[in-house]
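Here are some comments on the model you sent, written as numbered points to be read beside the coordinates.

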Amino acid sequence: LLIVNCSWVDGGQMKLYKDEDAALAPLAGKTVAVLGYGNQGQAQALNLRDSGVTVIVGNRDDLYRERAVGDGFAPMSILEAATAGDILLVLTTDESQPLIWEEQILPGLAPGKTLCWASGYNVGFDLITPPPDVDVIMIAPRMIGAVVRELYVQRSGALAQIAVQQDASGQAWDTMLALCKGMGLTRGGVFASSFREEAELDLFAEQVVWAGLEAWFVECFELGVEHGFAPELMVMELYASGETAEIFAKMTKNGFFRQMTYHSTTSQYGTLSRGPSLINDAMRARAREILRGIHDGSFVQEWRDEQAGGSTRLAALRAQALAHPMSQAEGGVIAAVQAISNP
């Protein structure tokens, strides 16, 4: 068993593995089976094929299967692909994997094969336990599938989080880097982590970072309307104009605080002087409570129970969100902005 955690170089900088650190040779004579032709599945399959790798696709009979046919593949069932492939990219949804594992993936395994996940969730939280005679690796692009493909076509690449959970062959690391190279990810850079770390970090972002932003935007909308601002103007100011997206884009290029140089000094002073006062001890305590629930597996069990019950609470939460006045006010605003952006 080999578990590789995030590696760092001297000076505290994260070690990025690039094109020169990887070779496609470990994939020679191997068949890569892409199990699930969703957004990541399509991107990874096309990128690997364009890199000269032999790729087959396994998918159930749905629109994704039709998309695979349109892209020139001859899709088969997931079990057939798992049996025929030497390297299996498990790219179905997280919630579907425990359901199809026993009947559609595990029977196709044989000693020496490689299982590759794009998320650490199921293996990291022990919802799936691979047999000991196969390699178990993770390649988790830090970008949506469509952009993984777009960057590849542009001869660039997205960043990705990688891990070796189980090295039965002694070649798992080289195979993983070869796949990254074939997907175009070593053009951007890949960094070592672990299945559990990737899964917990992803859940942390979803339940604390983005959940906090979503809740705060709703709170600000309600506060602004209460103050007398028009609902449509609040939607425009908060996100619909596109300015918020541009600010985030500048953060990725210049840094979280350094992007402020693109704003007026009035904006800089107001943001930096008022921001810390908006966070209180109760909020910090709640964030830590949520993080504890992620780390100890409580959320994983809660989500499994929710799915077993037909995801009724999720349906209710979605309906509640779409019925909120902010959601109701945004329709005309978004249509107007899109008309300007796409005349």
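1. Which residues line the second largest pocket? In this predicted model, the lining is made up of Asp-94, Glu-95, Pro-98, Leu-99, Tyr-121, Asn-122, Leu-127, Arg-304, Gln-307 and Ala-308, and the space in the pocket comes to about 170 Å³.

2. Three helices, α4 (97-105), α5 (121-124) and α14 (298-308), each supply at least two residues of that lining, and α14 gives the most, with 3 residues. Sorted by class, the lining of the second largest pocket holds 5 nonpolar, 2 polar and 3 charged residues.

3. Turning to the aromatic side chains, the count comes to 7 aromatic pairs. One of them joins Tyr-17 and Trp-173, whose ring centres are 5.2 Å apart with planes at 75°, and the pair is therefore edge-to-face, since the angle is over 60 degrees. Tyr-17 lies in the loop between β2 (13-14) and β3 (31-35), whereas Trp-173 belongs to helix α7 (residues 172-183), so that the pair links parts of the chain 156 residues apart. Tyr-17 is buried, at 16% relative accessible area, while Trp-173, at 24%, counts as partly exposed.

4. Tyr-37 and Phe-73 also form an edge-to-face pair, because their planes stand at 65°, with ring centres 5.8 Å apart. Tyr-37 is in the loop between β3 and α1 (39-50) and Phe-73 in the loop between α2 (63-70) and α3 (78-84), 36 residues apart; both residues are buried.

5. Charged groups also sit over two of these rings: Lys-15 lies over the face of Tyr-17, at 5.2 Å from the ring centre, and the charged end of Arg-49 is placed over the ring of Phe-73, 4.3 Å from its centre.

Conventions
Residues are numbered from 1 along each chain as its sequence is written. This is a predicted model: local features need pLDDT of at least 70, side-chain atom pairs count only at pLDDT 80 or more; totals for chains, interfaces and linings use all residues. Side-chain values use heavy atoms; hydrogens and water are left out. On a 1 Å grid over the protein atoms alone, a cavity is a set of points where a 1.4 Å probe fits but cannot get out, and a pocket is an open set with protein on both sides within 12 Å along at least five of seven lines; lining residues have an atom within 4 Å of a point. Grid points are joined across faces, edges and corners, and a volume is the space filled by probe spheres set on the points. Helices (H or I, at least four residues) and strands (E, at least two) are DSSP runs, numbered from the N terminus. Ala, Val, Leu, Ile, Met, Phe, Trp, Tyr, Cys and Pro count as nonpolar, Asp, Glu, Lys and Arg as charged, and the others, Gly among them, as polar. Rings of Phe, Tyr and Trp (its six-membered ring) pair if their centres lie within 6.5 Å; planes under 30 degrees apart count as stacked, over 60 as edge-to-face and the rest as tilted. Buried means under 20% relative accessible area, exposed over 50%, partly exposed in between (1.4 Å probe, protein chains only). A charge sits over a ring if NZ of Lys or CZ of Arg is within 6 Å of the ring centre and within 35 degrees of the ring normal.
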